[in-house]
Amino acid sequence: MNSLVRPTPSLPQSEALIKLKQLRKSYGRGGKQFLAVSEVSMDIEEGAFVTIVGPSGCGKTTVLKILAGLHEADGGTFEFRPSFNGGPQDINVGMVFQQPLLLKWRTVLENVVLPAEILHLPKKKAVERAHHLLEIVGLKGSEDKYPHELSGGMQQRAAIARALIHDPKLLLMDEPFGALDALTRERLNLELLDIWRETGKTIVLVTHGIQEAIFLGSHCAVFTAGPARMADYFKVDLPYPRSLEMKTSPEFGECVKKVYGLLGMK
Amino acid sequence: MTAISAASSPVATSERSPLPWPRWLLIVGVHVALVVVWQAAVEIFKIHPFFLPSPVAMIRSLAKAEYAWFSNSIVTAQEIVGGYLASTVIGIGLALLFYWSRSLTAAAFPLFVTLNMIPKVALGPLIIMWLKYGVFANILIAFSMCIFPVLLNTLRGLREVEPDLLDLVRSLKGNRWQLFVKIQLPGSLPYIFSGLKVAAILAVAGAIVGEFLASDRGLGYLMVQAQNQLDTAAMMMAIVILTFIGVGVYLATVIVERFVTVNVRDDGL
């Protein structure tokens, strides 16, 4: 665990952690082909916070699943930096979904160590790390509670800790705050930025909140539907640390406007 | 913490009874009240015991030695418990087999669906013809009635898994066994137990049907004897005992469920 506070992740410009080039994926066999996503090209640097924003059916989640190794692209190239995949067990992704998906028969702590169990990591170390992560996500004291005793926001915090237990380099988040109320969502946005800074993870987060995408991301990819393709991938020119106040700044407004433009919403 | 109290309060209100007594007292109370009203009604309206014997008359019939209440009850209880346990083991076992083998499911499952459509009571005469009447035949009849709810519920529980949870395990390169042991099996327990509770009730019906068809022992046999003597009190007493046996099996299931699934509770229950 790296406890150093990391500044804006703009340090090593050398080689990207993940390179996607003209990635494309379609589902279905034979005559009924359905294009899930296309024209996805992006370089994701280590420590970047990439947000993918777009309407439903634009293939955001598909890209996430390709990055997680759950789906295979059927066009284009997709590569991790060679040194990236050499870690223990090659497992370098943590996943967070829209629903917390905590196992209701396990305590919060037991839920958090689940990936470590699946990977057969040493138990004692995993438990230690789980305690540390729960502290980071603000769930200290809730280790022995069961999921039904937690609010939705707290459950999602536990899910984030679970995704980080095996110390993955890449954290994949699929609309992680989509099921939460607006205020909890804003609070968790701020907390996620803290977690990002504290852990130095590379994050790819899918959302259909334009404001959220700009507020969180160091880089933002805009996807459009019909046909499903990536319209743009740009660096978000806003300094970190970010505060909610920034949402009212003209610079923030410009970025949001740009995304609206790309989505064809004026 | 406010979040917790907010989350648990709707549960608390739905469980609170509208009356100021504890729940168990209410449960015992209404049953006792029924018996008292029944007894009073029989005495006040002088209802003929052929139509409706009083609870006291029913209990008195227990003293008639020719009915051999105890040994007959034991026989029927054996059939019920036997059929229930057999359906538990074989039903869950088959469900696991179906879960693990997709080709077996594809081939055999439609057959099971059809078998499930057979009115199981109609199998009774056949089973008795094949096996000769007796405890074993009645266990089989009870089993044939119980197995499908156990099998189908278990299978449903094993298959009901959040696709995202599946992705989570797969992204960690977890294998099918880990998925089964850590997620699907514990997740299916509430389904398995709801199947077992249905089975507990059906087992009683199965055993008694078998005894009605042909038997020389058991509460069903006792009831046929009592019927021949127009002894309504004894017949109803047999039904009461039968009900108690069923309740016993059901409660045993609930206790095991509580024990096994400490926190695996369905949000709806």
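**Labels and their grounds**

Modeller: This is a predicted model. Leaving aside residues up to four places away in sequence, B:Phe98 touches B:Leu104, B:Thr105, B:Phe109 and B:Leu155. B:Phe98 lies in helix H4 (residues 69-100) of chain B.

Biologist: What makes B:Phe98 count as buried or exposed?

Modeller: The cut-off for buried is 20 or more other C-beta atoms within 10 Å. B:Phe98 has 20 C-beta neighbours inside 10 Å, so B:Phe98 counts as buried.

Biologist: Which class does A:His120 fall into, buried or exposed, and why?

Modeller: Exposed requires 12 or fewer neighbours. A:His120 has 10 C-beta neighbours inside 10 Å, so the residue counts as exposed.

Biologist: How do you know that the length of helix H4 (residues 123-136) of chain A agrees with its number of residues?

Modeller: At 1.5 Å a residue, its 14 residues should span 20 Å, and the end C-alpha atoms are 20 Å apart, so the two agree.

Biologist: Which residues of H4(A) are buried, and how do you know that they share a side?

Modeller: A:Ala126, A:Arg129, A:Ala130, A:Leu133 and A:Leu134 are buried. They cover an arc of only 140° around the axis, which puts them on the same side of H4(A). An α-helix has 3.6 residues a turn, so residues three or four places apart point the same way. On the other side of H4(A), A:Lys124, A:Lys125 and A:Glu128 are exposed. The cover over the buried residues of H4(A) includes H2, helix H3 (114-118) and helix H5 (152-164) of chain A. After H4(A) comes A:Gly138, with a positive phi near 80°.

Biologist: What makes the bond from A:Tyr240 to A:Pro241 cis?

Modeller: Its omega is near -5°, and the peptide bond is cis. A:Pro241 belongs to the loop between strand E9 (229-235) and helix H8 (250-262) of chain A.

Biologist: How many residues of chain B are in contact with chain A?

Modeller: There are 21 from chain B, in contact with 21 of chain A. Helix H1 (2-15), helix H8 (163-171) and helix H9 (176-213) of chain B each supply at least two residues of the side of chain B that touches chain A. H8(B) gives the largest share, seven residues. By class, that side has 10 nonpolar, five polar and six charged residues.

Biologist: Where in chain A does pLDDT stay under 50?

Modeller: Over residues 1-13 of chain A, for which the model has 16 contacts beyond four places in sequence. Where pLDDT is low, the predicted coordinates should not be read in detail. Chain A as a whole averages a pLDDT of 86, and 90% of the residues score at least 70.

Technical notes. Residues are numbered from 1 along each chain as its sequence is written. Chains are lettered from A and ligands numbered from 1 in the order in which they are written. This is a predicted model: local features need pLDDT of at least 70, side-chain atom pairs count only at pLDDT 80 or more; totals for chains, interfaces and linings use all residues. pLDDT is the predictor's confidence in each residue, from 0 to 100. Two residues are in contact if their C-beta atoms, placed from the backbone, lie within 7 Å. Helices (H or I, at least four residues) and strands (E, at least two) are DSSP runs, numbered from the N terminus. The expected span of a helix is 1.5 Å times one less than its number of residues. The arc is that of the directions from the helix axis to the C-beta atoms. Ala, Val, Leu, Ile, Met, Phe, Trp, Tyr, Cys and Pro count as nonpolar, Asp, Glu, Lys and Arg as charged, and the others, Gly among them, as polar.
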